Amino acid sequence: MNTADPLSIHLVLDHATLLTMDDGRPGPLAGARQGELGRVDGGAIAVAGGRITAVGPRDEVWRFVEARNERTDAVDVLDAAGRVVLPGLVDAHTHLVWAGTRADEFEARLTGTSYLDLLANGGGIHATVRATRAASFDDLAARMTARLDALVDHGVTTVEVKTGYGLTVDEEMRHLDVIAAAAAAHPAHVVPTFLGAHALPGAYAGEPTPDRGAFVRAVIDMLPRVAAHPLGLNGPLFCDVFCDAGAFDVAETRAVLTAAKAAGLGLKVHSDEFENLGATALAAELGATSADHLVATTPAEMAALAKSGTVAVLLPLTTIGLGSTHFADGAAFVRHGAPVALASDWNPGTAPCPNLWLALAIGTRYGRLSVAEALVAVTRNAACAVGRDGVAGRLAVGRSADAVLTDSDDPRDLAYGFGTNRAVRVMLGGRWVR
Ligand code: NIG
Ligand code: FE
């Protein structure tokens with residue numbers, strides 16, 4: 001058992017099957033270790049001051065509580081009755097700042113129109129950009145807040161949130177402000193990402209003179225303002241690029257990410273969602289924190305991610321959302337030693353879905369991850385994918401008391417059953433928020 005912190009204990013989660021995801025060492029789990037759950041049967045967690053102060057076998061935790069507190073009857077105790085308790089889930093890839101709907105495009109896609117054709121013809125991301133630019137600040141903040149509520153309801157306590165439906169400096173900065181305002185008023189931990197290079201605006205693509213370079217330069221020119229945004233003060237701030245057919249090529253992605261790195265931002269990339277352009281090798285070369293999607297990634301690139309320690313963030317709900325059957329091969333990433341995370345990619349185009357439990361269930365069946373590997377992929381490794389290792393993703397002393405009480409006493413059951421919300425209670429910063 002581990003203990004720390006002089007405050008008196010105010011909350012104990014007792015009689016739990018704990019999956020701590022902790023081995024006392026930093027970094028993600030990869031390869032043969034990807035599925036190490038740090039399981040403690042008959043466990044308990046003690047909380048003081050919003051942090052975990054003791055975690056381990058329940059008799060040891062209670063001895064600690066009795067030594068620490070003058071009265072143990074003042075402690076709020078929740079009996080988990082043997083059910084599985086996980087670290088608060090981490091959703092490492094979302095797009096939550098948007099207005100409007102793409103239900104019309106969804107219907108068109110059902111009868112054969114492709115996602116990339118819609119994008120090339122001014123729809124797709126561009127349709128959401130128009131609706132989002134037209135929305136007021138308060139409306140966007142309210143929409144993001146409602147989406148954070150839905151995620152927390154599903155057991156997610158740390159959420160990465162991207163901009164990318166602005167695409168001008170003023171709009172992108174406004175969306176960063178929306179993220180800051182919604183995050184400040186919400187208990188969830190929010191990790192912001194600037195995705196200015198999400199799509200090439202029509203003005204740069206069309207007649208008479210298409211000038212892709214001008215837009216890439218405009219995005220690079222936004223970086224100093226992004227890096228100076230108050231959002232970066234309390235934690236990591238990332239820069240992402242959508243590198244794929246119909247979006248940005250590798251040279252453009254390299255230009256943006258190299259400048260972002262020089263500006264002090266962490267790096268992410270949307271890579272190999274539709275076609276392999278080489279962005280995954282670039283992510284490894286630049287030491288990106290994560291590379292995301294990775295449906296069309298080669299074994300050599302998987303090995304490169306393993307070497308650079310870049311987390312492979314797989315997004316099976318996107319494949320479902322696209323009506324595709326081409327899933328990222330999670331088992332191959334594990335075999336090549338790349339740390340794997342699973343995220344929702346919640347967005348209006350390809351993944352209108354807040355249920356990370358479903359990503360877990362699909363990640364086992366079609367990504368061929370074991371249940372244990374997939375559970376690490378939505379906790380410890382997901383925290384590493386958003387630069388929050390040491391803060392989120394594990395049940396360990398000193399960390400924010402973020403935990404999910406599930407509806408089952410068998411970890412396997414959390415991927416076996418699918419389609420429902422497996423979170424019964426959710427603790428965030430030492431308080432029950434569900
Ligand atoms: O992760 N691929 C780029 N971005 C999103 C989709 C955004 C949209 O269609 O609005 C994704 O799939
Ligand atoms: Fe995405």
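**Cores, domains and an iron site in a predicted chain**

Of the 100 residues in the largest nonpolar core, those that touch the most other members are L86, M144 and F333. A nonpolar core is a set of buried Ala, Val, Leu, Ile, Met, Phe, Trp, Tyr and Cys residues joined through side-chain atoms within 4.5 Å. Buried means under 20% relative accessible area, exposed means over 50%, and partly exposed lies in between (1.4 Å probe, protein chains only). At least three residues of this core come from each of domain 1 (2-88 + 394-432) and domain 2 (89-385). Apart from it lies another core, of 17 residues, among them L13, A16, A80 and M427. In soluble globular proteins, nonpolar side chains tend to be buried together.

This is a predicted model, in which local features need pLDDT of at least 70, side-chain atom pairs count only at pLDDT 80 or more, and totals for chains, interfaces and linings use all residues. Residues are numbered from 1 along each chain as its sequence is written, chains are lettered from A and ligands numbered from 1 in the order in which they are written, and side-chain values use heavy atoms, with hydrogens and water left out.

Leaving aside neighbours within four places in sequence, M144 is in contact (heavy atoms within 4.5 Å) with L96, V97, V161, V178, I179, A182, A183 and V190.

The overall form of the chain comes next. The secondary structure comes to 17 helices and 17 strands. Helices (H or I, at least four residues) and strands (E, at least two) are DSSP runs, numbered from the N terminus. The radius of gyration is 21 Å, close to the 22 Å that the globule rule gives for 434 residues, so the chain is as compact as a globular protein of that length. This radius is taken over C-alpha atoms, and the globule rule is 2.2 Å times the number of residues to the power 0.38. Along the principal axes, the C-alpha atoms fill a box of roughly 75 × 40 × 40 Å. Of the 434 residues, 56% count as buried. Among contacts between residues at least 6 apart in sequence, 74% join residues at least 24 apart. The accessible surface comes to about 15800 Å², and 53% of it belongs to carbon and sulfur atoms. Such areas come from the Shrake-Rupley method with a 1.4 Å probe; for residues, only the protein chains shown count as cover.

The domain assignment gives domain 1 (2-88 + 394-432) and domain 2 (89-385). Such bounds come from an automatic or database domain assignment. The C-alpha centres of the two domains lie 30 Å apart. Their contact takes 37 residues from domain 1 and 33 residues from domain 2.

An iron ion (ligand 2) has four protein donors: H93 (NE2), H95 (NE2), H270 (NE2) and D345 (OD), lying 2.1 to 2.3 Å from the ion. Donors are N, O and S atoms within 2.8 Å of the metal (3.2 Å for Na, K and Ca); water is not among the atoms, so sites may look incomplete. In sequence, the donor residues are spaced H-x1-H-x174-H-x74-D. H93 lies in the loop between β7 (89-91) and α2 (103-110), and H270 in strand β11 (residues 266-271), so the pair ties together parts that are 177 residues apart in sequence. H93 is buried, at 0% relative accessibility. H270 is also buried, at 3%.

D345 is buried, at 1% relative accessibility. D345 has a positive phi of about 60 degrees, although it is not a glycine. Most residues other than glycine have a negative phi. A81, also not a glycine, has a positive phi of about 55 degrees. A81 sits in the loop between β5 (76-79) and β6 (84-87). At 57% relative accessibility, A81 counts as exposed.

Two further residues were examined. V47 is in strand β3 (residues 39-48). V47 is buried, at 0% relative accessibility. Not counting residues up to four places away in sequence, V47 touches I9, H10, L11, T53, A401, M427 and G430. The C-alpha atoms of V47 and V12, 35 residues apart along the chain, are separated by 6.3 Å.

R388 is found in the loop between α16 (380-385) and β15 (403-406). R388 counts as buried, at 15% relative accessibility. Neighbours within four places aside, R388 is in contact with T158, V191, N234, G235, P236 and A383.
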